[in-house]
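Hi everyone, thanks for making time today. I'd like to walk you through one structure and how its parts pack together. Let me put it on the screen.

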Amino acid sequence: MTDTLLVLAVGVFGGLIGSAIRMPGGSMLGAMAAVGTLQLTAAARYDIAAQWAVLGQVLVGAVIGSTLDRRMIASFRAVLLPGAVAVAGTLLAGVVIGSGFAILGFADPLTSLFGLAPGGMAEMTAAAISLGASGPLVASMHVLRVVAVIVVLPMFLRPAARRALRRQAGNGVPEGGRDA
Amino acid sequence: MTLLVERERIGRTLMLLAGAFTGGLAAEALRIPAGAVLGAVLGALAVNLARPGPRLPRPFREVGKILLGTVVGLSFAPELLATVGELLVPVAVGVVLMIMAGLGISVVLHRVFAWDMPTALYASTPGGLSELAVTSEEVGARMHVVVAVHTVRVIAIVILGPPALTLLIRLWTGG
């Protein structure tokens, strides 16, 4: 009981710090770093009941489910085919690259596939833990993905998008595209 | 009046949570791969479609993420840190390949479906939804399309990922 309270208190503290300093993956990574540090520096290993992980997984799932409403479905229906290509293409790329990662022997197949699957960091870590993959490895791989995209966004994506907009304006295509 | 609105908001939150817990615990009991997440998504979704309304407040997701981070942090061990260090370069290469694949997909969306390039770029970059949604609007991309595509991507992988990957691994290992 004392162990559980201590671990949860450290997790909440780390999560709040991570969220306050706006680190990528904020609350989850903050909690992971704080509890990880506690675990690595303690004389004996700490543990808490498995139900806490289930509670975390249900809460993350509940929020995802509550975001999908009729408006979102209608919005996706309006761009169904290209939207499906974007989703299927990104998922397929994740599976191919994850498989390559496992074939080259960097990690076991489950960890490789979930670590390089283009899902949310919390969602993929939750699913990975419940299937017996390495949670810390999956989370670390997603940290790197999110950080890389955040670094790439201002360096490449914004200038590329702005350049494309200027070119479209020059060609007489309205902002927002032909099918806006 | 305010009390009534507040009571309605609390009632809706409790209904969404009840749906999520029923779905999550039932899927766990049925031993469905990643059942807690998947069942909770479907449970909350069922409530949302039956009685549309505001989504769950952000703190619930934060509490969930803190709990997951706490559980993941508990499995830290010196050997694991060494493994993460060794995997840094291969993971970076994997991430670069994913970003390049996203660029390829954006070209297809632009050329084949005549999507404007900013929307195509932001819809196919495998990044965090909130960062992409905010920045996509700044560069003139159609934010509602970007948000819809990324939401469907995350939901699709949460729903389809665990059973599909479990099947893939069974085929792989011949188990």
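Let's start with a pair of helices, one from each chain. Helix α3 of chain A, residues 51–67, and α3(B) have axes that come within 8 Å and cross at roughly 145°. The crossing of α3(A) with α3(B) is left-handed. Please keep in mind that what you see is a predicted model.

Which residues meet there? On the α3(A) side you have A:Trp52, A:Ala53, A:Leu55, A:Gly56, A:Leu59, A:Val60, A:Ala62 and A:Val63, and they meet B:Phe60, B:Arg61, B:Val63, B:Gly64, B:Lys65, B:Leu67, B:Leu68 and B:Val71 of α3(B). Sorted by class, the residues of this helix contact are 12 nonpolar, two polar and two charged.

Now let's step back to the whole contact between the chains. Chain A puts in 103 residues and chain B 96 residues. On the chain B side, each of α1, α2, α3, α4, α5, α6 and α7 supplies at least two residues. So which helix gives the largest share of that side? That would be α4(B), with 19 residues. In terms of class, the side of chain B that touches chain A holds 64 nonpolar, 23 polar and nine charged residues.

A word on chain B itself. Chain B has seven helices and zero strands. Of its 175 residues, 50% are buried. Among contacts in chain B with a separation of 6 or more, 37% link residues 24 or more positions apart.

Next, the nonpolar core. The largest one has 97 residues, and the members with the most contacts inside it are A:Ala62, A:Phe114, B:Val37, B:Val41 and B:Val158. Have a look at B:Val158: leaving out residues up to four places away in sequence, B:Val158 touches A:Ile64, A:Gly119, A:Glu123 and A:Ala127 in chain A, and B:Val37, B:Leu38 and B:Val41 in chain B.

Most residues other than glycine have a negative phi. B:Ala114, though, has a positive phi, near 55°. Is B:Ala114 buried or partly exposed? B:Ala114 counts as partly exposed, because it has 13 C-beta neighbours inside 10 Å.

That's my tour, and I'm happy to go back to any part of it.

Notes: Residues numbered from 1 in each chain as written. Chains lettered and ligands numbered in written order. Predicted model: local features only at pLDDT ≥ 70, side-chain atom pairs only at ≥ 80, totals over all residues. Contact = placed C-beta atoms within 7 Å. Helix = DSSP H or I, 4+ residues; strand = E, 2+ residues; numbered from the N terminus. Nonpolar A, V, L, I, M, F, W, Y, C, P; charged D, E, K, R; others polar. Core = buried A, V, L, I, M, F, W, Y, C linked by C-beta atoms within 7 Å. Buried ≥ 20, exposed ≤ 12 C-beta atoms within 10 Å, placed from the backbone. Axes fitted to C-alpha atoms, helices over the stretch in contact; angles between N-to-C directions. Left-handed = near helix turned anticlockwise from the far one by under 90°.
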